[in-house]
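Keep the sequence and the model side by side as you read. The walk below moves from strands to charged pairs and then to aromatic rings.

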Amino acid sequence: MRSIKQVAFSNLLIALLALTLFSCHSKPPRIYKSEYDKIITEREKQALSKRTDSLGALLSVIRYEIATENTKDFEDGIIPWASLEKPELDIPHLVDKGKVVIPDNHVTVIIDYPLNKEYRFDLTSPSGFTRELLLREISKHYYQLYQEEEETAKTKTVPLKERKELYNRNQTDGKYAIWGHDIADLVLTEVKVYKNSEGKILLQLGVDS
């Protein structure tokens, strides 16, 4: 017969298949369970270390910085990310928001976090792309893909007010298999600009939670 500890641990692993917990350095503390630590850490590492060799040559890295008077938490007066949930609140304080950071007219944006199946979309701008334009479009498409996920998933998102011990978003089984985070958790830290062998411009996002 299995011990009580073995049974408890097995139950936790089963629960993990339905509800995944992730720690977030920029958000209020989540509820932790020690048995999840190794699994969670490995999942996050995999998401952060995806290979980009196939994207082509790295041309530039566009940082997102928000000016703030909160020097208690941010000594240099800079928040190193912008909200994807409510970009309109950060845009007035976005550093160099109107500067053209990509002179090309056509780009393809790749969203792969927190998704198991990536989402891509194309953007066209006759005058190139600014930080503000990219942030608005990326946020818009995050909302769109989350909606598509909910519409195509059989396992629906557990509403925040109904989440008990596990605070983070459960994994759903829709078009993109989103795991771990609601849009409210997500922030844009950077955009990496690549040029592939066909001359296409690909943007990989640095999204944190």
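In what sense do strands β9 and β10 pair, parallel or antiparallel, and over how many bridges? This is a predicted model. In it, β9 (residues 187–195) and β10 pair in the antiparallel sense, over eight bridges. For a landmark in this pairing, find leucine 188, which stands opposite valine 207 in β10. The two strands form a hairpin, with five residues between them. Look in the turn for glycine 199, which has a positive phi of about 85°.

Strand β10 has another partner. Strand β6 (residues 106–111) pairs with β10 in the parallel sense, over three bridges. Threonine 108 has leucine 202 in β10 as its bridge partner. So β10 pairs with β9 in the antiparallel sense and with β6 in the parallel sense, where a pair takes at least two bridges. How much of β10 is covered? The strand spans residues 201–208 and is mostly covered, with seven of its eight residues buried.

Now turn to the charged side chains. How many salt bridges does the count come to? The count comes to six. One of them joins arginine 120 and glutamate 118, with N to O at 2.6 Å. Arginine 120 is partly exposed, at a relative accessible area of 44%. Glutamate 118 is partly exposed as well, at 42%.

Helix α4 (residues 131–152) holds arginine 136 and glutamate 132. These two form a salt bridge, and their closest N and O atoms are 3.1 Å apart. Why is the separation about one helical turn? Because arginine 136 and glutamate 132 are four residues apart in α4. Arginine 136 is partly exposed, at 41% relative accessibility. Glutamate 132 is partly exposed too, with a relative accessible area of 23%.

Lysine 140 and glutamate 137 form another salt bridge, with the closest N and O atoms 3.1 Å apart. They are three residues apart in helix α4, so about one helical turn separates them. Glutamate 137 counts as buried, at 18% relative accessibility. The cut-off explains the label, because buried means under 20%.

The aromatic rings come next. A pair of aromatic rings is described by the distance of the centres and the angle of the planes. A search of the whole structure finds five aromatic pairs. One of them is phenylalanine 74 with tryptophan 81, an edge-to-face pair at 5.9 Å centre to centre and 75° between the planes. Phenylalanine 74 counts as buried, at 18% relative accessibility. Tryptophan 81 is partly exposed, with a relative accessible area of 21%.

Tyrosine 113 and tryptophan 179 also form an edge-to-face pair, at 5.6 Å centre to centre with 85° between the planes. Which parts of the chain does this pair link? Tyrosine 113 lies in the loop between β6 and β7 (119–124), and tryptophan 179 lies in the loop between α4 and β9. The two residues are 66 residues apart, and the pair links distant parts of the chain. Tyrosine 113 counts as buried, at 6% relative accessibility. Tryptophan 179 is buried too, with a relative accessible area of 2%.

One more ring group remains. Ring pairs link Tyr119, Phe121 and Tyr176 into a cluster.

Terms used
Residues numbered from 1 in each chain as written. Predicted model: local features only at pLDDT ≥ 70, side-chain atom pairs only at ≥ 80, totals over all residues. Heavy atoms only, no water. Salt bridge = Lys/Arg side-chain N within 4 Å of Asp/Glu carboxyl O. Buried < 20%, exposed > 50% of the residue type's maximum accessible area, 1.4 Å probe, protein only. Phe/Tyr/Trp six-rings, centres within 6.5 Å; stacked < 30°, edge-to-face > 60°.
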